[in-house]
Amino acid sequence: MDETCPFCKYELLAGAEICASCGSYEERPDGGGALLFIIGGLISMVIGIKLSESDALLWGLMVAVLGAAFFAISIKRKPFWVRGY
Ligand SMILES: [Zn+2]
């Protein structure tokens, strides 16, 4: 797949994330923050189960579900190019 820089039309190598001509770079979506939510929620759920605390279990479930939804949205975002100078 051939790609060109959206700013200077320099031809990029496949999968390149930085334009060698003008220094623009590609920002890729990343779900790292959402993963923390999911992990935190799962830990709360485990603690809730171990201690038979239904509140902690519910909270953990809510956080994990929110994290999963956020993760699904964030990885659907398209990569976009940031102009370099
Ligand atoms: Zn460029």
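Student: Which protein donors hold the zinc ion, and at what distance from it?

Tutor: In this predicted model, the zinc ion has Cys5 (SG), Cys8 (SG), Cys19 (SG) and Cys22 (SG) as its protein donors, at 2.2 to 2.4 Å.

Student: What is the geometry of the site of the zinc ion?

Tutor: Geometry is read from the angles among donors; four donors count as tetrahedral if all angles lie between 85 and 135 degrees. Here the 4 donor atoms make angles of 105 to 114°, so the site is tetrahedral.

Student: What spacing do the donors of the zinc ion follow along the chain?

Tutor: The spacing is C-x2-C-x10-C-x2-C. Within it, Cys8 and Cys19 link distant parts of the chain, 11 residues apart. Cys8 sits in the loop between strand E1 (3–4) and strand E2 (11–12), and Cys19 in the loop between E2 and strand E3 (25–27).

Student: Is Cys19 buried or exposed?

Tutor: Buried means under 20% relative accessible area. Cys19 has 2% relative accessibility, so this residue counts as buried. Cys8, with a relative accessible area of 32%, is partly exposed.

Student: How are two packed helices described?

Tutor: By the angle between their axes and the distance between the axes. In this model, the axes of helix H1 (residues 32–50) and helix H2 (residues 54–76) cross at roughly 160° and come within 7 Å. H1 is therefore roughly antiparallel to H2. The crossing of H1 past H2 is left-handed.

Student: Which residues in H1 and H2 meet?

Tutor: From H1, the residues include Leu35, Phe37, Ile38, Gly41 and Gly48. From H2, they include Leu57, Gly60, Ala64, Gly67 and Phe71.

Technical notes. Residues numbered from 1 in each chain as written. Predicted model: local features only at pLDDT ≥ 70, side-chain atom pairs only at ≥ 80, totals over all residues. Heavy atoms only, no water. Donors = N, O, S within 2.8 Å, 3.2 Å for Na, K, Ca; no water. Tetrahedral: all angles 85-135°; square planar, octahedral: opposite > 155°, others 65-115°. Helix = DSSP H or I, 4+ residues; strand = E, 2+ residues; numbered from the N terminus. Buried < 20%, exposed > 50% of the residue type's maximum accessible area, 1.4 Å probe, protein only. Axes fitted to C-alpha atoms, helices over the stretch in contact; angles between N-to-C directions. Parallel < 35°, antiparallel > 145°, perpendicular 65-115°, else oblique. Left-handed = near helix turned anticlockwise from the far one by under 90°. Contact = heavy atoms within 4.5 Å.
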